[in-house]
Amino acid sequence: MNRIGGFNTYQSLFESKLKNPKEAEKTKNSKTDKTKKKEPVQLSERAKKLLQQLQKTYGNMDFIVADYDTEEEAAAYLSRGTKEYSVLIEPELLEEMAADQETKEKYMGIIENATSQLNEIKNQLGEKDGQVTRLGISIDKDGNVSYFAELEKISESRQEQIEKTRESRREEKASSEKRKRARVSADSIEELLKKIQDIDWNALKAETGDSGSRFDYSI
């Protein structure tokens, strides 16, 4: 889980229009730096062993080790998780945890407490808040923790149709019925819960289950 994905980016530079060749080269390097894809994370052996330990200890969590600069980038990594919870850790912090037992215990405690609180959120949400499809936390190299949730909502009529067809061979059709999706992130559990409860589902555009766009709403 310690691989970082990237996006192939293409750009056109019209250097012939620039009078100064040095200026053209500077422009080229500047644009290249902004679009340069990140290199795969390189972990020490002790950090790799700690990652394996975390994965074994917390079987219901996906641990993702990656550098990220924005909430959107962190959310994109967390969205890749397939288990009950996703945990994104920056490599510098994982290395610190692997090197110091006290730091390791501190952040393992934070992870346990956060996932317990996220589970409580699921219990507090009602039908009007939508169905939680993924929960997670991110911890940056400075130890700052952010909370993350993905939700989706299907209209009652659509839900009834899915239930009726679930036991039939028409499941494929049901899975493509329209639904609404939302993603929220916050710096605290309380803020995350409030953002979830404040989602205006009526303002969101419905999409099919196999739509290329994953989210219609992000706050």
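## Terms and basis of the model

Helices (H or I, at least four residues) and strands (E, at least two) are DSSP runs, numbered from the N terminus. The structure is a predicted model, in which local features need pLDDT of at least 70 and side-chain atom pairs count only at pLDDT 80 or more, while totals for chains, interfaces and linings use all residues. Residues are numbered from 1 along each chain as its sequence is written, and side-chain values use heavy atoms, with hydrogens and water left out.

## The chain as a whole

The chain has eight helices and six strands, and from the N terminus on these elements follow the order α-α-β-α-β-α-α-β-β-α-α-β-α-β. Of its 219 residues, 37% count as buried, where buried means under 20% relative accessible area, exposed over 50%, and partly exposed in between (1.4 Å probe, protein chains only). If contact is taken as heavy atoms within 4.5 Å, then among contacts between residues at least 6 apart in sequence, 65% join residues at least 24 apart.

## Helix H5

Helix H5 covers residues 101-124, and its 24 residues should span 34 Å at 1.5 Å a residue, which agrees with the 35 Å between its end C-alpha atoms; the expected span is 1.5 Å times one less than the number of residues. At the start of H5, a side-chain oxygen of Asp 100 comes to within 3.4 Å of the backbone nitrogen of Glu 102.

The buried residues of H5 are Thr 103, Lys 104, Tyr 107, Met 108, Ile 111, Ala 114, Thr 115, Leu 118 and Ile 121.

The axes of helix H4 (residues 91-99) and H5 come within 5 Å and cross at roughly 120°, which makes H4 oblique to H5. On the H4 side, this contact is made by Leu 93, Glu 96, Met 97 and Ala 99, and on the H5 side by Gln 101, Thr 103, Lys 104, Tyr 107 and Met 108. Axes here are lines fitted to C-alpha atoms, for helices over the stretch in contact, and angles run from 0 to 180 degrees between N-to-C directions; angles under 35 degrees count as roughly parallel, over 145 as roughly antiparallel, 65 to 115 as roughly perpendicular and the rest as oblique.

Between helix H2 (residues 45-57) and H4, the axes come within 9 Å and cross at roughly 90°, and the two helices are therefore roughly perpendicular to each other. Arg 46, Ala 47, Leu 50, Leu 51 and Leu 54 of H2 make this contact with Leu 94, Glu 95, Met 97, Ala 98 and Ala 99 of H4.

## The nonpolar cores

A nonpolar core is a set of buried Ala, Val, Leu, Ile, Met, Phe, Trp, Tyr and Cys residues joined through side-chain atoms within 4.5 Å. In the largest such core, which has 41 residues, Phe 63, Leu 94, Leu 118, Ile 137, Leu 151 and Leu 192 touch the most other members, and H5 gives the most to this core, with six residues. Apart from it lies another core, of nine residues, among them Ala 75, Leu 78, Leu 88 and Phe 148.

Leaving aside neighbours within four places in sequence, Leu 94 is in contact with Leu 43, Ala 47, Leu 50, Leu 51, Leu 54, Val 65 and Ile 89.

Leu 192 is found in helix H8 and is buried, with a relative accessible area of 0%. Beyond its neighbours within four places in sequence, Leu 192 is in contact with residues including Leu 118, Ile 121, Tyr 147 and Phe 148; Leu 192 and Leu 118 are 74 residues apart in sequence and 9.3 Å apart in space, C-alpha to C-alpha.

Elsewhere, Ser 79 has its place in the loop between helix H3 (71-78) and strand E2 (85-89), and is buried, with a relative accessible area of 12%. A polar contact of 2.5 Å joins the side chains of Ser 79 and Glu 150; such a contact is a pair of N or O atoms within 3.5 Å, and within protein one must be able to donate a hydrogen and the other to accept it, while residues adjacent in sequence count only if both atoms are side-chain atoms.
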